[in-house]
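Welcome! Please open the structure in your viewer and keep the selection tool at hand, and we will walk through it stop by stop.

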Amino acid sequence: MRIALAAGDGIGPEIMDATLGLFAAAGVTRHVEFVPAEMGASVFAAGNTRGMTDAAVRTVEECGILFKGPMETPKGGGGKSINVTARKMWSAYANYRHFRTLPGVQTPFSHLDLNFAIVRENVEDTYGGVEHRLSDDVMTGKRIITAPGSDAVLRFTFETARRMGIDTVHCGHKANIMKMTDGLFLERFKALAAEYPGIQTGDVIVDALCMNLVMRPQQYKMVVLTNLQGDIVSDLAAGLVGGLGFAPSANIGRNISIFEAVHGTAPDIAGKGLANPTALVLSGLMMLRHVGLVSQAATIENALLAALESGVHTGDFGDRSKPSVGTTEFTKAIVDRLGQEPRTVKPVATGGTDTVTFRVPPKPEEPTVMHTFRGLRKEVAGIDAYLDAEHPAGETAARLERTCEGTPFRLTLISCRGTQVWPRGSAFTECVDYWRARFELREDASAHQDDAVELLRKVASGFTVSQYELLRTFDGVRGWTLPQGQ
Ligand code: NAI
């Protein structure tokens with residue numbers, strides 16, 4: 001079994017050395033060959049804006065698994081996060097994070113003996129980074145939520161729950177506000193839940209979820225969320241069990257999976273030998289289980305638990321009245337306990353097979369296209385034209401009404417920042433230089449995209465149209481939302 005390895009930047013090499021040393025001592029390297037993949041700051045510095053060499057890309061695609069340390073995101077200059085790029089380009093769509101109370105890691109929640117997981121959708125949502133400037137004062141970003149993308153992460157969640165014997169799964173969302181995007185995610189959650197009758201399900205609005213996690217976190221066993229909400233909620237969850245030093249993560253894809261700690265490069269302590277390797281070790285344990293090295297993972301986990309309960313700690317956690325140790329000494333404390341079990345917490349069962357279940361799939365010829373719904377009847381119903389304009393809404397409306405004379409469309413509303421200001425609205429609504437003009441089909445009229453584009457051309461002869469959306473019905477169901485106030 002070959003695993004691509006990128007140690008990362010900052011504290012990355014220190015904690016990766018520690019983790020690999022521990023793995024070697026536990027016999028993992030008899031089963032796994034770690035293959036270096038050049039990624040991170042040095043590659044960016046050499047002028048490669050993707051942050052990974054072509055050879056590294058090939059290595060990861062051939063191995064199917066990447067074990068990585070934290071990597072620095074270049075500040076400014078348009079450099080994208082290599083971490084986000086890796087997850088997206090290799091479709092590692094499910095970010096699985098496990099949170100548990102650990103011995104020797106005191107938090108205000110330690111007495112609750114927490115043990116739960118958060119699954120975050122990892123490739124969609126605002127992380128597409130599809131953003132534009134549309135006027136002097138307005139920036140927008142596209143939030144992309146898809147049915148097959150939602151299905152993939154939801155299916156992973158239910159399958160993981162079933163395999164691990166977790167009997168309750170919640171969906172966190174904001175479907176009360178984002179009716180189409182989060183609405184779709186919630187609808188797919190409910191549709192897939194019906195296929196898993198042995199699992200109880202519930203949904204919870206994300207703001208209430210945050211409060212519940214602080215007030216009574218033990219009520220959750222597994223929560224699945226869209227990308228940005230999942231990002232925020234999972235860091236909150238990490239705080240409940242001791243913070244970044246203890247937050248592992250697995251980015252699971254159909255073909256390629258990436259295992260890494262949640263924390264970054266910790267530039268403030270890099271190179272000083274002070275970093276806590278636990279989060280990377282725990283991420284590595286997820287990886288070992290993923291490839292079937294179950295008993296080795298259990299042996300290492302028991303040694304880690306035994307070391308933590310002994311009180312040995314790096315500077316970022318533990319009993320401040322006792323001296324802390326550096327990365328090397330902390331790791332040695334774990335290695336010295338290989339073969340031992342913790343006494344104050346339940347040991348992890350060392351049984352299980354070492355059968356490697358993971359297989360590198362053959363490389364696809366080209367990017368695959370996924371579907372959930374297919375062949376719906378789509379009919380053009382109008383357009384939304386976004387105007388970069390200073391004129392007041394009433395004057396804009398009068399000009400636009402003249403513009404659409406003789407077309408199959410009529411102007412039905414103007415809104416600003418999602419709130420209707422014409423034909424009804426409030427003089428107290430504060431507006432900016434960016435208006436949405438909605439044109440809908442006149443009664444009994446029908447239209448094709450060509451008609452919509454012709455209307456757009458007419459509108460553009462009098463206004464700057466900085467964005468345009470085609471309004472369509474899908475099997476008769478409206479494919480757009482109403483603005484506030486309509
Ligand atoms: P950070 O996670 O690197 O550091 C935040 C604080 O936590 C610092 O005080 C640091 O010393 C401490 N810390 C983090 N990990 C620790 C560990 N293992 N042991 C002891 N203390 C630890 O976050 P920051 O400073 O916001 O980001 C630094 C760089 O890391 C940035 O370039 C950022 O883009 C990158 N980053 C990379 C990630 C990844 O590769 N997955 C994730 C998050 C950030």
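A charge is said to sit over a ring if NZ of Lys or CZ of Arg is within 6 Å of the ring centre and within 35 degrees of the ring normal. With that in mind, and remembering that this is a predicted model, let's begin.

**Stop 1: charges over rings.** Select Arg120 and Tyr127: Arg120 lies over the face of Tyr127, 5.2 Å from the ring centre. Now select Arg399 together with Phe463. Here the charged end of Arg399 sits over the ring of Phe463, at 4.3 Å from its centre.

**Stop 2: aromatic pairs.** How many aromatic pairs does a search of the whole structure find? There are eight. Select Phe246 and Phe317 to see an edge-to-face pair, with 4.8 Å from centre to centre and 85 degrees between the planes. This pair links distant parts of the chain, 71 residues apart. Phe246 belongs to the loop between helix 8 (227-240) and strand 11 (248-252), while Phe317 is in the loop between helix 10 (294-309) and helix 11 (327-335). Next, select Phe158, Phe189 and Tyr196, which ring pairs link into a cluster.

Stop 3: Switch to a cartoon view and find the open sheet of six strands in the order 15-14-16-13-17-18, with antiparallel pairing. Strand 15 (419-422) and strand 18 (477-478) stand at its edges; each has a single partner strand, so one side of each is left without a neighbour in the sheet.

Now select strand 13 (residues 378-388). Strand 13 pairs with strand 16 (residues 435-441) in the antiparallel sense over six bridges, and 10 bridges join strand 13 to strand 17, again antiparallel.

**Last stop: a hairpin.** Strand 17 and strand 18 form a hairpin with two residues between them. Select Asp475 in the turn, which has a positive phi of about 50 degrees. The two strands pair over two bridges, and the bridge partner of Thr473 in strand 18 is Arg478.

Conventions. Residues numbered from 1 in each chain as written. Predicted model: local features only at pLDDT ≥ 70, side-chain atom pairs only at ≥ 80, totals over all residues. Heavy atoms only, no water. Phe/Tyr/Trp six-rings, centres within 6.5 Å; stacked < 30°, edge-to-face > 60°. Helix = DSSP H or I, 4+ residues; strand = E, 2+ residues; numbered from the N terminus. Pairing = 2+ DSSP bridges.
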